[in-house]
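Please look over the sequence and the model below.

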Amino acid sequence: MKVIDLSLPIVDGMPVYPGDPQVRVQIAHTYASHQWELRQLSMGTHTGTHVDAPSHMHPGAATLDNLPLERFFGLARIVGSAAPNWPPDRGLFFTEPAGIDSYPRLAELCPPFVGGELSEELERALLALGIVTYTGLHGLERLPAGCDFMFYGFPLRIAGGDGSPVRAVAVVEG
């Protein structure tokens, strides 16, 4: 079994989507001052490697705390946007940019989650169907092509959350 971290580290001043809140990671307490260390975080819900809830782009749609935990993990596979067959009943991840032209096939399969470099138009359409999306994934190319793996990308339990940073992990057998 091989565990592959697909997450970007959250660091002070890291790049964000234009107009999103800047990321601040500051030491609030030190061992010298409090006998423990504590950091204060300030960032948007779509920072780094993150999951998007349908409410991110659709008013009144499901928020993170309305979605069952089963929506944030499961069997998954890397697929190419031009590949002839995408497997059903698993999450799908793209290593190359995926645009709205992928939507009809994704709508038909209705995977529990989709991730990778998704166009805003595709992401909006998937979220309208209730399909959660993962963006800011790092290292998808390290996953074996054509093989299933277990994916885990749990969000923070943010009340009314439209998205959340995640620790995205793939577990590959063998």
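The report starts with the basis of the model and then takes each topic in turn.

## Basis

This is a predicted model, in which local features need pLDDT of at least 70 and side-chain atom pairs count only at pLDDT 80 or more, while totals for chains, interfaces and linings use all residues. Residues are numbered from 1 along each chain as its sequence is written, and side-chain values use heavy atoms, with hydrogens and water left out.

Helices (H or I, at least four residues) and strands (E, at least two) are DSSP runs, numbered from the N terminus. Accessible areas come from the Shrake-Rupley method with a 1.4 Å probe, and for residues only the protein chains shown count as cover. Buried means under 20% relative accessible area, exposed means over 50%, and partly exposed lies in between (1.4 Å probe, protein chains only).

## Strand pairing

Two strands pair if DSSP finds at least two bridges between them. Strand S5 (residues 73-79) has an antiparallel partner in strand S9 (residues 149-152), with four bridges. Within that pairing, Ala76 stands opposite Phe149 of S9. S5 also pairs with strand S6 (residues 91-98), this time in the parallel sense and again over four bridges. Here Val79 has Phe94 of S6 as its bridge partner.

S6 and S7 pair in the parallel sense, over four bridges. Phe93 stands opposite Gly115 in S7. S7 is mostly covered, with five of its six residues buried. In a regular strand the side chains alternate between the two faces of the sheet.

## The largest pocket

The largest pocket holds about 630 Å³ of space. Its lining has 32 residues, and those closest to its centre are Tyr17, His50, Glu123, Thr135 and Gly136. Two or more lining residues come from each of strand S4 (50-52), S6, strand S7 (113-118) and helix H3 (120-128).

The search runs on a 1 Å grid over the protein atoms alone, where a pocket is an open set of points with protein on both sides within 12 Å along at least five of seven lines, and lining residues have an atom within 4 Å of a point. Grid points are joined across faces, edges and corners, and a volume is the space filled by probe spheres set on the points. Rolling a probe the size of a water molecule over the atoms shows where empty space is left.

## Salt bridges

The whole structure has six salt bridges, each a side-chain nitrogen of Lys or Arg within 4 Å of a carboxyl oxygen of Asp or Glu. One of them joins the side chains of Asp5 and Arg167, at 2.8 Å from N to O. Asp5 sits in strand S1 (residues 2-5) and Arg167 in the loop between strand S10 (163-165) and strand S11 (169-172), so the pair ties together parts 162 residues apart in sequence. Asp5 is partly exposed at 28% relative accessible area, and Arg167 is exposed at 59%. Another bridge links Arg39 and Glu37, at 2.6 Å from N to O. Arg39 is partly exposed at 44%, and Glu37 is partly exposed at 36%.

Arg90 bridges to Asp148, with the closest N and O atoms 2.8 Å apart. Arg90 lies in the loop between S5 and S6, and Asp148 in the loop between strand S8 (132-135) and S9, so this pair ties together parts 58 residues apart in sequence. Arg90 is buried at 14% relative accessibility, whereas Asp148 is partly exposed at 27%. Salt bridges with shared partners join Arg77, Arg90 and Asp148 into one network.

## Surface patch and positive phi

Tyr31, Trp36 and Leu38 make a nonpolar surface patch of about 360 Å². Patches are made of residues with over 30% relative accessible area and no salt bridge; like charges are joined within 9 Å, and nonpolar side chains (Val, Leu, Ile, Met, Phe, Trp, Tyr) within 5 Å. Tyr31 belongs to helix H1 (residues 31-34) and is exposed at 56% relative accessibility.

Most residues other than glycine have a negative phi. Gln35 is not a glycine, yet has a positive phi of about 70°. Gln35 is in the loop between H1 and strand S3 (38-42) and is exposed at 71%. Asp89, also not a glycine, has a positive phi of about 60°. Asp89 is in the loop between S5 and S6 and is exposed at 69%.

Conventions
On a 1 Å grid over the protein atoms alone, a cavity is a set of points where a 1.4 Å probe fits but cannot get out, and a pocket is an open set with protein on both sides within 12 Å along at least five of seven lines; lining residues have an atom within 4 Å of a point.
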